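Dear colleague,

Please find the structure below, handed over for your records. My notes on selected helices follow it.

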Amino acid sequence: MRRGDPWLLVLPLLLCTVGLVMVYSSSAILGITRYQDPDYFLVRQLGRTVVGLLALGLAARADLRALERGAGPLLGVSAALLLAVVLGGHAANGASRWLRWGVLSVQPTDLARLALIVYLARRLTRRPPAVHGMLHGTLLPLLVAGGLGALVVAQPNLSSAGVLILSALALLFLAGAPLRHLAVPAAGGAAALALILVSHPYMLERARTFWSFLVRGELEQRGAGWQLDQSLIALGSGGLLGRGLGGGLQKYLFLPEAHTDFIVSILGEELGWLGCTALLVLFALLLWRGLRAAVRAPDGFGFLVAGGITVQIGLYALINVAVATGLFPTTGLPLPFVSLASGSGSAAGG
């Protein structure tokens, strides 16, 4: 049996450790204010970390061939759970993204992210897009991704739907789809995005706020630009070395979602530019080792699964950091391994 890459274990564990520390630092004040318990969010993050480690142990022993055979049912279950969320999911901050059974809370979008990658990896391996043409090789797989994306948009959760579609495009590219075949659905996706923004005023307002800040440097500090303004204050006040771990001020209820969507802002305030740089280096190393593992996969299915998961982690990290620094409109995408885990009630983004 070939040994796995130890860095693919070490790097996520390091990022999870950073997450535990920063979740506690960024959420203790909120925990006291809302639940009279400074450890409230830390305990939940610890619990989800344990669940993640158990899932890691099971996945490490799973048969990749069994995963390939179960691609269709996994996709079907994911679609059914997403539909259940739309019809009667648990709502928080204006969005219905969770299913709850007693104390158990799950976000089906997380399962759909994996299910889509596995399904497309199986389909594209058996029907290479370069061989089966634009309709059967490119458009039909994207239609499946678009169906899942539509269910996610209905929550509403535009950012996660966008990552689903981008992941599908990335998999098609990795599978050898000609760029000219990807141009048409990309243009269609841009048109759909414009329609969604027009039909959701709060999303459109965030897009306008972002454009105004990016082009003219103007920021509505008391309105839609509040989160970004507080995030930039946190990052700017951190300087080179930061205020010291636990010494940040924006987590005193100035920066909403400090422990989820904007956790990198608190990290920058407390650990400074050096801390943020170290975090980005960890993610860069993880992406490198993930793509390295994909290239070394024994077959096309393994290559696409590993490549798709790696790309998806990279997209989430890139967008999260870009939001915190004003390079992308405010969304609700967490920072993988670091932000408070899904199911905790954050729905800040669209």
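Predicted model: local features only at pLDDT ≥ 70, side-chain atom pairs only at ≥ 80, totals over all residues.

Residues are numbered from 1 along each chain as its sequence is written, and side-chain values use heavy atoms, with hydrogens and water left out.

The axes of H6 (residues 129–153) and H8 (residues 179–199) come within 10 Å and cross at roughly 20°. H6 is therefore roughly parallel to H8 (angles under 35 degrees). Contact (heavy atoms within 4.5 Å) involves residues including Gly133, Met134 and Leu142 of H6 and His181, Pro185 and Ile196 of H8.

H6 also packs with H4 (residues 71–88): their axes come within 9 Å and cross at roughly 25°. These two helices are likewise roughly parallel to each other, but their crossing is left-handed. Among the residues in contact are Leu75, Ala79 and Val86 of H4 and Val144, Leu148 and Val152 of H6.

In helix H12 (residues 300–324), the end C-alpha atoms are 36 Å apart, in agreement with the 36 Å that its 25 residues should span at 1.5 Å a residue (1.5 Å times one less than the number of residues). Of these 25 residues, 19 are buried, so H12 is largely enclosed by the rest of the structure (buried means under 20% relative accessible area, with a 1.4 Å probe and protein chains only). Gly326, which follows H12, has a positive phi near 80°.

Notes:
Helix = DSSP H or I, 4+ residues; strand = E, 2+ residues; numbered from the N terminus. Buried < 20%, exposed > 50% of the residue type's maximum accessible area, 1.4 Å probe, protein only. Axes fitted to C-alpha atoms, helices over the stretch in contact; angles between N-to-C directions. Parallel < 35°, antiparallel > 145°, perpendicular 65-115°, else oblique. Left-handed = near helix turned anticlockwise from the far one by under 90°.
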